[in-house]
Amino acid sequence: MADPDADRGGTILSVRDLVTVYPTRLGDVPAVDRVGFDLRAGEILGVVGDSGSGKTTLARSLLGLVAAPGRIVSGEIRLHGRDLLTMTRKEMRQVRGAEIAMIFQNPIRSFHPAFTIGRQLAEAATRHRRISRRAAKEKAAEALTWVGMPEPRVRMRDHPHQFSGGMLQRVMIAMSLLNEPAVLVADEPTTALDVTIQAQILELIQRLAVDRGLGVILVTHNLGMVASICDRVMVMYAGQIVEESSVDAVFASPAHPYTVGLLDSQPDRAEGSRLEAMAGSSPKMTDLPPGCRFQPRCAYAEAACSDPPDLWEIPGGQTVRCWVSRRGGKLPDRRPGRSGGEER
Ligand SMILES: Nc1ncnc2c1ncn2[C@@H]1O[C@H](COP(=O)(O)OP(=O)(O)OP(=O)(O)O)[C@@H](O)[C@H]1O
Ligand code: SF4
Ligand SMILES: [Mg+2]
């Protein structure tokens with residue numbers, strides 16, 4: 001983790017015009033299409049969007065782990081100013097785990113079933129530094145303490161199957177933090193866990209950001225999670241960012257029609273029901289509409305929308321990819337049964 005006093009609040013990760021494609025028989029699919037953002041020390045950036053919008057591809061691109069046959073074709077990923085995309089594989093292996101780390105949805109797959117957790121953590125601790133076995137074990141126990149593991153020294157003797165899903169996710173977070181990276185990329189880290197454990201893992205991630213200045217990219221389907229722990233949110237649709245801004249601004253006043261639909265279709269926790277499912281589905285990535293990619297589903301569409309919109313900053317600091325928001329600043333409320341937008 002970054003030293004919390006050094007560089008607190010400074011930009012640690014800077015992504016520009018990142019394009020990652022998967023080749024298909026019908027041509028290259030731009031799963032990540034000119035994505036750019038900055039992440040500051042101690043900041044938690046939420047990434048949300050439909051299934052297939054490119055969230056995992058973006059997360060894996062940041063670590064140089066795009067699944068074959070996918071490949072990054074252009075852009076910049078600067079970590080503390082150094083462009084990861086110009087590094088050799090060997091250099092990238094050094095950076096991965098030591099400066100930028102990732103946790104996945106299914107922790108069990110990240111561990112070898114036959115070895116103790118202590119051994120696997122200690123091995124991870126020696127991957128980037130020359131330290132004795134004893135020091136590596138100490139480091140492993142320390143990392144387990146960071147994530148609130150009871151009796152860490154005893155649990156280090158256990159094998160992966162002896163842990164519950166929530167505890168194993170903690171072990172995975174401990175493993176990713178062993179070498180004190182500046183950035184943690186978490187792809188749906190709590191989806192497989194029950195609600196109470198989810199809350200504990202989120203609290204842990206938040207504490208690591210606040211106390212240690214860890215920059216976090218949190219991929220999730222859950223907007224409630226974004227509202228509770230993220231500082232900023234990036235909304236993706238068909239490979240592109242369609243809206244990016246502070247969480248407060250997006251929840252108070254969503255500027256992209258897709259974000260409006262996403263907020264409306266979240267389960268209403270108080271009533272335990274879904275408000276309104278969003279009409280339509282994401283376009284096929286091999287058959288994208290020529291103009292705005294959201295146009296076929298958009299209640300606000302107009303003639304201008306047959307040209308692809310760029311990302312613009314609108315008054316209030318939100319960044320949005322929409323002709324109507326660009327012109328008017330805010331979206332008029334066109335949802336059935338609503339008036340004035342006071343519920344946003
Ligand atoms: N290995 C692959 N080969 C070909 N296309 C792929 C591959 N992996 C992903 N894609 C395509 O890339 C696009 C983005 O996929 P990605 O997994 O990044 O989306 P996602 O936002 O993480 O979705 P989910 O919410 O379901 O996890 C999708 O259109 C998907 O079909
Ligand atoms: S650009 Fe047009 S079609 Fe696209 S989201 Fe905005 S209003 Fe809808
Ligand atoms: Mg995914």
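This is a predicted model: local features need pLDDT of at least 70, side-chain atom pairs count only at pLDDT 80 or more; totals for chains, interfaces and linings use all residues.
Residues are numbered from 1 along each chain as its sequence is written, chains are lettered from A and ligands numbered from 1 in the order in which they are written, and side-chain values use heavy atoms, with hydrogens and water left out.

Strands β6 and β7 pair in the parallel sense over four bridges, and A101 has L184 in β7 as its bridge partner. Two strands pair if DSSP finds at least two bridges between them; helices (H or I, at least four residues) and strands (E, at least two) are DSSP runs, numbered from the N terminus.

Strands of a sheet pair through backbone hydrogen bonds, either parallel or antiparallel.

Helix α6 (residues 165-177) has 13 residues and reaches 18 Å from its first C-alpha to its last, close to the 18 Å expected at 1.5 Å a residue, the expected span being 1.5 Å times one less than the number of residues. Of the 13 residues of α6, 11 are buried, among them G166, R170 and L177. What covers these buried residues includes β6 (100-103) and β7 (183-187), together with the helices α3 (117-126), α4 (133-146) and α7 (195-212).

In helix α10 (residues 257-264), eight of its eight residues are buried, including P257, Y258 and D264. The buried residues of α10 pack against α8 (223-229) and α9 (247-252), as well as the strands β3 (44-49), β9 (232-237) and β10 (240-246).

## A glycine in a loop

G239 is found in the loop between β9 and β10, and it counts as buried because its relative accessibility is 0%. Leaving aside neighbours within four places in sequence, G239 is in contact (heavy atoms within 4.5 Å) with P30, A31, V32, D33, V35, S53 and M285. G239 and V19 are 220 residues apart in sequence and 9.1 Å apart in space, C-alpha to C-alpha.

## The cavities

The structure holds two cavities of 30 Å³ or more. On a 1 Å grid over the protein atoms alone, a cavity is a set of points where a 1.4 Å probe fits but cannot get out, and lining residues have an atom within 4 Å of a point; a volume is the space filled by probe spheres set on the points.

The largest cavity has a volume of about 80 Å³, and its lining includes H256, P257, C292 and W323. The residues of this lining divide into nine nonpolar, two polar and no charged, where Ala, Val, Leu, Ile, Met, Phe, Trp, Tyr, Cys and Pro count as nonpolar, Asp, Glu, Lys and Arg as charged, and the others, Gly among them, as polar. The second largest cavity has a volume of about 40 Å³, with H256, C292, R293 and R321 among the residues that line it, and its lining has four nonpolar, two polar and two charged residues.

Conventions. Buried means under 20% relative accessible area, exposed over 50%, partly exposed in between (1.4 Å probe, protein chains only). On a 1 Å grid over the protein atoms alone, a cavity is a set of points where a 1.4 Å probe fits but cannot get out, and a pocket is an open set with protein on both sides within 12 Å along at least five of seven lines; lining residues have an atom within 4 Å of a point.
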